[in-house]
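Here is a short briefing for a first look. Start with the surface, then turn to the helices and the sheet.

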Amino acid sequence: CRCVPSEGAMMDNRFATALVIACVLSLISTIYMAASIGTDFWYEYHTLSPAENVSEAGRSIWEEFVSKDADEKTYTDALFRCNGTVGLWRRCITVPKNSHWYSPPETDMTTNCISFSLSDQFVEKYIEPGNHNSGTDFNRTYLWRLQFLLPFVSIGLMCFGALIGLCACACRSLYPAIATGVLHFLAGLCTLGLVGCYVAGIELLHRKLPLPEDVRGEFGWSFCLACVSAPLQFMAAALFIWAARTNRKEFTLLKAYRVA
């Protein structure tokens, strides 16, 4: 929709263009953010020979992996050995289909995933992963909790900003676009905080549980979507605020000129 200031002055084409671009950037960043939250490729482990690793340990690897009692060390070791991927909500490993301890390794692989429960998102992390008597690692505990909460705060702020933008169009006023821009800026900060918390959490985990020599870890495309979403939110915020403030300033000058 083309918003017109309530005072009756027609909005300049450059302001309309800025708002359209800002809305497109906001929509793209929201889609990217939602996709990154819902996918399981924030971090990926690549093992040279996952099938052989599984055969050596038998079915116990993925049975322990999918167990509700699996602690951080148990499922992290399985991620190392079985081409695992980790998201904000799920963890997955790649294993042979119908593999048994007495059968040779299979080339037909399948991916098994298990979701983190809500209690898992707020569980304490220990100084020595898997050792409940080692004490609480507060840094990793709060980083893990923040990486769960921040993406929802980010999406909520953008949705609230979009609602304010719709109200602004309905009221034929450009001034509320400033509030929309501020909300998108805060959403960008939350997304940037999410990325920082996740990177810090992974680095701290690997200091406790170093990667084996034959395992390579890297950030996945879900993580990249979140990284791209943050600058899009900042750019949308800048365009919203610029359009609203500049249009308001020009209208004030025009009104002063008419009075003079």
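V20, V24, L27, I28, I31, Y32 and V228 make a nonpolar surface patch of about 580 Å². Patch residues have over 30% relative accessible area and no salt bridge; like charges are joined within 9 Å, nonpolar side chains (Val, Leu, Ile, Met, Phe, Trp, Tyr) within 5 Å. This is a predicted model: local features need pLDDT of at least 70, side-chain atom pairs count only at pLDDT 80 or more, and totals for chains, interfaces and linings use all residues. Residues are numbered from 1 along each chain as its sequence is written, and side-chain values use heavy atoms, leaving out hydrogens and water.

**Patch**
- Helix α1 (residues 13-38) gives the most, with six residues.
- V228 lies in helix α8 (residues 221-259).
- V228 counts as partly exposed because its relative accessibility is 39% (buried is under 20%, exposed over 50%, partly exposed in between; 1.4 Å probe, protein chains only).
- Helices (H or I, at least four residues) and strands (E, at least two) are DSSP runs, numbered from the N terminus.
- Areas come from the Shrake-Rupley method with a 1.4 Å probe.
- A salt bridge puts a side-chain nitrogen of Lys or Arg within 4 Å of a carboxyl oxygen of Asp or Glu.

**Annotated spans**
- An unreviewed UniProt entry annotates "transmembrane region" at residues 15-35, 148-175, 181-202 and 223-244; such annotations may be inferred rather than shown by experiment.
- Residues 181-202 are 100% helix, with end C-alpha atoms 32 Å apart.
- Residues 223-244 are 100% helix, with end C-alpha atoms 33 Å apart.

**Sheet**
- Five strands form an open sheet in the order β4-β3-β2-β1-β5, with antiparallel pairing (a pair needs at least two DSSP bridges).
- β4 (109-115) and β5 (215-219) each have a single partner strand, so one side of each lacks a neighbour in the sheet.
- Strands β1 (residues 43-47) and β2 (residues 85-86) run antiparallel, joined by two bridges.
- Y43 has V86 in β2 as its bridge partner.
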